Number of protein chains: 2
Amino acid sequence: MKQIDGAVTAPKGFKAAGVRCGIKQQGTDLAIIYSEAAASAAAVFTTNAFKAASVVRNMQTIKAGLGRAIVANSGNANACTGEQGLRDVDHIRKFAGELLNVPAGQVYSASTGIIGVPLPMDKIEIGIMDAVAELDENGGGAASIAIMTTDTSPKTSAYEFEIGGVPVKIGAICKGAGMIQPNMATMLCFITSDANIEASALKKCLVSSVDRSLNSLTIDGDMSTNDSVIVLANGKSGCARIVEGTSDYDVFEKALAQVCMELAQQIARDGEGATKYVEVHAVNAGTYADAKAVAMKIANSPLVKTAIFGEDPNWGRVLCAAGGAGVNVDPSKTSLWFGDVKIVENGEPVSLDSEDARKPMLEKELRITVDLGLGTQSATAFTCDFSYDYVKINAEYHT
Amino acid sequence: MKQIDGAVTAPKGFKAAGVRCGIKQQGTDLAIIYSEAAASAAAVFTTNAFKAASVVRNMQTIKAGLGRAIVANSGNANACTGEQGLRDVDHIRKFAGELLNVPAGQVYSASTGIIGVPLPMDKIEIGIMDAVAELDENGGGAASIAIMTTDTSPKTSAYEFEIGGVPVKIGAICKGAGMIQPNMATMLCFITSDANIEASALKKCLVSSVDRSLNSLTIDGDMSTNDSVIVLANGKSGCARIVEGTSDYDVFEKALAQVCMELAQQIARDGEGATKYVEVHAVNAGTYADAKAVAMKIANSPLVKTAIFGEDPNWGRVLCAAGGAGVNVDPSKTSLWFGDVKIVENGEPVSLDSEDARKPMLEKELRITVDLGLGTQSATAFTCDFSYDYVKINAEYHT
C-alpha cells in the first residue's frame, strides 16, 4: 500500500470538477464527481433527526447500491427548508443525470453552508452545466477546493495497493467539521475506487472504517444535519471481485480505513480555532464500545480542551472525563500518559517534576493515553484544543 | 410556602459554623452543619467512576438513613488520593463525631478543591475543633461562605410551609459547579429540615427534586468526582410524620423541589465566565426522558453557548443540537422560541425581522423554548453562555 496523488480522480474511470456558481461570497462552490462506468455505492449519513434534504434523498436511493455521480455545493446546506428543499434536490439529481446521461437515482447530492434558506437553483443549474463541461481525469483537486467552507486547506487522500497482482486505487476528498457557516458546517467526504466490490461488502468496509476514523472525530461534540460519507467503486482496475471474508477484502478494508483515518486527522488539525492536534488513545478497555466512549468523552470535554490550549498537564480533568463516560472504568486500574510521560498510575498521580509533566503539552501535537487496565480493546479519538478563537469564530458570526 | 432567611440554620434544631483552617490561600474553608437531634438522612452523589474518598464513605453509611452532622472543606477535594484519602475521611468522621458526641457513622464529610493531593489533616483537625466551638443557630451564612471555591457569591435558599398547621422549614447552602480549583470543582449542596419524615420518603423526594434542578444544571457538561447533595431532617418542627402518598408529602416535596431549583439557578447564574443566565425549556415531548435529553443537549452545546455569548439568534445550532440528542424528535413538528419570539415553526424558519429575532438575545437572561409537538412531557435545563472568560479561566490556570 503506497500513498499517491490525485484524490478522487486517482482511481481509473473517474472524472471530477470544481467550479464557481456564486453561492458563496467568493471561491468555487460546486463540485461534481463522475464515474464513467456503473459503480457500487455505499454511504454513511448523519444520525441527527434534522437531516438536510440531500441526506433524506440519498438515504432512499443508496439502498439500491448503485452510483454514477455526486453533485456537491458549498455555501448553502439546504437544511430546514421543508418540501422546497426536497424538490430542489430532486431537480438537481434529474438535471445532472440528464447532462451526464445517467439515471437520476444514481446521482447523489450533498450540501454544506447556511441553513434555513432555499438553494439558489438558477445558480446551481449553471454550476452543474459548467462542472459537467469541465469534468477531467485530473479534477480531484478542484473538487476538493469547491466543497470547502471554513476549512483553511483542502483535504485529500489516495492510496494504491494490489488485489491479486492488479494495482487498485482509492482516492478521497473531504471538508471539515468546524461548525460555522453560518449556523453550522458539515463533514462531507467522497471516496472513489476502481476496485471491483459488491455494494454490501463496500458498505461493511465503509462502516468499520468510518467508525474508527471520521466517527471518532470531534471538534466540539456537535453533529451536523448534513454529514455524509459516500463511496463509489467502479471496478475499472480490472481486479477480481472482492468478496467478504477473503484476504483481498482485508487488503481493501485496510486501505479504505487508512484513507478515512488520514482525512479524520486532517479535519482535526484544521478544527476551528485549533492551536494543537490531539489524539486520545483509550487502551486496554473491556470492550471497544467502552474504549471509544472514554476516548470521545475526553476529546469532547471543554475542560480538557481548554487545559490543552493552556498547555497545562491537567490530569485531573482527563480522569474526571474518563470517569464520567458512563462505562466500565476502575480508578484503581487506570493509568494516564501525556505523550510518553506517565502522569497517573493506578488512579494516583506519579511523583514527577512539574516541568517534565508539562513538556509534552508544549508540542503542537499531543497524544493522551488512558490505560483502563480492564481488557484488550482500544479506540482513538481525533480532536483539537479549544481556544479563544473557537469562541471568537462562533460568537462573532451573526446570522 | 414563603421564602425565609437563614439557610441551613433556618429549620429548628440545627447549628452551623464556617471557619478558616488554612487549606485555601485565603478565606474560610471548613464548615460544619449539626443537628441537635437524631435526623433522617438521604443523599445523591456523583455517578463519576472516579469518586472522592468522602463520596465513597458517604455512600456506605447513608444506607442506614441516619445523620447528625456534615463536615465540609474547600481547597482540597481529597480525590485520587487512594487509601490515604479513605483513612483521612475515616479520621475526620471519628474526630468530629467524638467532639460532637455523635456516632462517626452519622457524620458525613465532603470536600472540594485541588485533586491528587492528600488533605492537610493537622489543619483540618484544628478547623473541626474551631468549627465545633463556633456552632451557632445563626451559622448558616458562615457555612455557605466556607464551602465556596470559585463561586463569586454564596448560595443559599430557605422556605417555610405548613404540615397539618405546624410551621416547617427547609434550608440549604450550596457551591457552584464551575470547574477550576485547580483541576475541577464540585457541586456541593447541603439541605436541612425540621420536618418529620422517614429516610426512604426523604430519599424519594430528594431524587425527584434534584433530577429536575441540580441534575438539570450544566456549566460545561463535565461531572466532578465530588458532587454531593445531602439532606438531614430532624423532626424538630413537631409536625406529624410525613408519609408517602399523602398531601403532606406533596407539600414537602414541592418545597424541597423549590429549594433545589433556586440553588440550581444560582449556580447557573454564577457559572465560570458567564455573561448570561439561560433556561432551556423542552416542552411537549413524548417522554420526560426525551424532554430532558433535548434540553440538556442544547444546554451543553458549545455552538449554542458561544452564539448566546455573541447575542446571535442562531436557531440552526439549537435545532441541530436538539436533533442530535438521540431521542424521538420530528423536525416537521418542532418549533422554537427565543424568549417570546417564535423563530421556527414546524421545522422551518418563521419569516421575521432580524432585529426582532435578536432582541431576546440582548437581555441578561435568555429563555429558549423547544416545542417537540410529540406529547405532554417537559423538562428544563439551567445553564449559562460560553465566553472568552470561560476559556481564559480554564486555560490559564496552571496545575
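This is a predicted model: local features need pLDDT of at least 70, side-chain atom pairs count only at pLDDT 80 or more; totals for chains, interfaces and linings use all residues.
Of the 399 residues in chain A, 63% count as buried.

**Chain A as a whole**

Eleven helices and 15 strands make up its secondary structure. Its radius of gyration is 22 Å, close to the 21 Å that the globule rule gives for 399 residues, so chain A is as compact as a globular protein of that length. Along the principal axes, its C-alpha atoms fill a box of roughly 70 × 55 × 35 Å. Among the contacts of chain A with a separation of 6 or more, 80% join residues 24 or more positions apart.

**Asn284 in chain A**

Next, select residues 277–285 of chain A, which form strand E10. Asn284(A) lies in this strand. Although Asn284(A) is not a glycine, its phi is positive, at about 55°. Most residues other than glycine have a negative phi. Is Asn284(A) buried, partly exposed or exposed? With 18 other C-beta atoms within 10 Å, Asn284(A) is partly exposed; the cut-off for a buried residue is 20 or more.

**Ala7 in chain B**

Move to chain B and select Ala7(B), in the loop between strand E1 (2–3) and strand E2 (14–19). Ala7(B) is not a glycine, yet it has a positive phi of about 50°. Ala7(B) has 29 other C-beta atoms within 10 Å and is buried.

**Helices H1 and H2 of chain B**

Select residues 53–61 and 82–100 of chain B, which are helices H1 and H2. Their axes are 8 Å apart, and the helices pack at an angle of about 55°. H1(B) and H2(B) are therefore oblique to each other, and H1(B) passes H2(B) in a right-handed crossing. To see the contact, show the side chains of Ala53(B), Ser54(B), Val56(B) and Arg57(B) on H1(B), together with Gly85(B), Leu86(B), Asp88(B), Val89(B) and Asp90(B) on H2(B). By class, the residues of this contact divide into four nonpolar, two polar and three charged.

**Helices H5 and H6 of chain B**

Now select residues 199–211 (H5) and 247–269 (H6) of chain B. The two axes come within 9 Å and cross at roughly 45°. H5(B) and H6(B) are therefore oblique to each other, and the crossing of H5(B) past H6(B) is right-handed. Which residues meet here, from H5(B) and from H6(B)? Ala201(B), Cys205(B), Leu206(B), Ser208(B), Ser209(B) and Val210(B) of H5(B) meet Tyr249(B), Phe252(B), Glu253(B), Leu256(B), Ala257(B) and Cys260(B) of H6(B). The contact of H5(B) with H6(B) has nine nonpolar, two polar and one charged residues.

**Ala264 in chain B**

Remain on helix H6 of chain B and select Ala264(B). Ala264(B) is buried, with 29 other C-beta atoms within 10 Å. Apart from neighbours within four places in sequence, Ala264(B) is in contact with Ser213(B), Leu214(B), Ser216(B), Leu217(B) and Phe382(B). A distance drawn from Ala264(B) to Glu83(B), C-alpha to C-alpha, spans 33 Å, and the two are 181 residues apart in sequence.

**Helix H8 of chain B**

Finally, select residues 302–309 of chain B, helix H8. Is this helix mostly covered or mostly uncovered? H8(B) is mostly covered, with eight of its eight residues buried; among them are Pro302(B), Leu303(B), Lys305(B) and Phe309(B). After H8(B) comes Glu311(B), whose phi is positive, near 55°.

Notes. Residues are numbered from 1 along each chain as its sequence is written. Chains are lettered from A and ligands numbered from 1 in the order in which they are written. Helices (H or I, at least four residues) and strands (E, at least two) are DSSP runs, numbered from the N terminus. The radius of gyration is taken over C-alpha atoms; the globule rule is 2.2 Å times the number of residues to the power 0.38. A residue is buried if 20 or more other C-beta atoms lie within 10 Å of its own, exposed if 12 or fewer, and partly exposed in between; C-beta atoms are placed from the backbone. Two residues are in contact if their C-beta atoms, placed from the backbone, lie within 7 Å. Axes are lines fitted to C-alpha atoms, for helices over the stretch in contact, and angles run from 0 to 180 degrees between N-to-C directions. Angles under 35 degrees count as roughly parallel, over 145 as roughly antiparallel, 65 to 115 as roughly perpendicular and the rest as oblique. A crossing is left-handed if the near helix is turned anticlockwise from the far one by less than a right angle, and right-handed if clockwise. Ala, Val, Leu, Ile, Met, Phe, Trp, Tyr, Cys and Pro count as nonpolar, Asp, Glu, Lys and Arg as charged, and the others, Gly among them, as polar.
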